[in-house]
Amino acid sequence: MRTVGLGAKTPARWRAFACGLVFLACCMLAATASDWVPYLSPLFSSALAPDPDAKLPAPTRYSFRGIHTTMMLGIEAPLRIELEATVPAELRDVLAFYRTELGKLGWQEKTDGAVVAADHVQLAFISPLGPAMLELGRKDSSTSVNLVQRNQDAATRANVMPEPGQAMLVFSNISETEAVLEINERTIKRATGAHAVALDLPPGRYSYQLSVPGHPATTNILNFTAGDTWELTVGRDGDAWSPLQLY
């Protein structure tokens, strides 16, 4: 969990947050950790029962299950929750399970862009909290599950909600020296202790470079879809942290 305190927006394309980012390293680990709790119920039935203790709908039968959450300082609700699981069941049975359980929660399935094939499913939903996505795939003799729900109200209050049809990139530097980000033909410098800034980007694939004196430059590629918010951070030791999807 990267815990972040954010202020009001300014009208510039690059927006500086009024409050600096406050990071808790131990919380960051909690945000990206997965729980590996194997549980295999008898495979005598194709029916899948919902686990009442799961944060997102999940069957009680699984060989792997992990939850990832993204939190921000001052915002009680997670901005984003992601469930990953491996279920020893046929894809059609897992799909039927999710359509039933998500429907009970008021999730509305969107038909635009839906993919339902024998070995892969990708469905978008509108949930009571915000946009959501379900992906299923065949993995050996099991079905892999990736379910994401985003909290639109929490992202708005945290000031990390992209403009309609756009994506957002948040850049912060908590090292003891200046850090430089190069992306989309822009060069952005952030002094030590400076507030985080946010850039609105059209959806697409972007290469970027992060540079800090005394450290090798870090280069990578990020794929942005409309509505995504990603964070790039230079840590206290001057090393670039792995990109984190905030929303």
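Contact here means that heavy atoms lie within 4.5 Å. The structure is a predicted model, in which local features need pLDDT of at least 70 and side-chain atom pairs count only at pLDDT 80 or more, while totals for chains, interfaces and linings use all residues. Residues are numbered from 1 along each chain as its sequence is written, and side-chain values use heavy atoms, with hydrogens and water left out.

**Overall composition**

- The protein contains 3 helices and 15 strands; helices (H or I, at least four residues) and strands (E, at least two) are DSSP runs, numbered from the N terminus.
- Of its 247 residues, 47% are buried, where buried means under 20% relative accessible area, exposed over 50%, and partly exposed in between (1.4 Å probe, protein chains only).
- Among contacts between residues at least 6 apart in sequence, 55% join residues at least 24 apart.

**Nonpolar cores**

- A nonpolar core is a set of buried Ala, Val, Leu, Ile, Met, Phe, Trp, Tyr and Cys residues joined through side-chain atoms within 4.5 Å.
- The largest such core has 24 residues, of which V94, Y98, L136, V145 and L147 touch the most other members.
- Two or more residues of this core come from each of strand 3 (75-87), helix 2 (91-104), strand 5 (120-126), strand 6 (131-139) and strand 7 (142-150).
- Helix 2 gives the largest share of this core, 6 residues.
- A separate core of 19 residues lies apart from this one and includes L181, I188, L222 and L232.
- Beyond its neighbours within four places in sequence, L147 is in contact with residues including L56, I81, Y98, W107 and M133.

**Helix 2**

- The 14 residues of helix 2 should span 20 Å at 1.5 Å a residue, which agrees with the 20 Å between its end C-alpha atoms; the expected span is 1.5 Å times one less than the number of residues.
- Its buried residues are L91, V94, L95, F97, Y98, E101 and L102.
- These residues cover an arc of only 160° around the axis, so they lie on the same side of helix 2; the arc is that of the directions from the helix axis to the C-beta atoms.
- R92 and K104, on the other side of helix 2, are exposed.
- Strand 3, strand 4 (108-116), strand 5, strand 6 and strand 7 are the elements against which the buried residues of helix 2 pack.
- After helix 2 comes G106, with a positive phi near 85°.

**Strand pairs**

- Two strands pair if DSSP finds at least two bridges between them.
- Strand 8 (residues 167-173) and strand 11 run antiparallel and are joined by 5 bridges, with V170 opposite A198 in strand 11.
- Strand 11 (residues 197-201) has 5 of its 5 residues buried: V197, L199 and L201 on one side, and A198 and D200 on the other.
- Strand 9 (residues 179-183) and strand 10 (residues 186-190) are also antiparallel, joined by 5 bridges.
- The hairpin of strand 9 and strand 10 has 2 residues between the strands, and N184 there takes a positive phi near 50°.

**S142 in strand 7**

- S142 lies in strand 7 and counts as buried because its relative accessibility is 10%.
- Leaving aside neighbours within four places in sequence, S142 is in contact with T86, V87, P88, A89 and G137.
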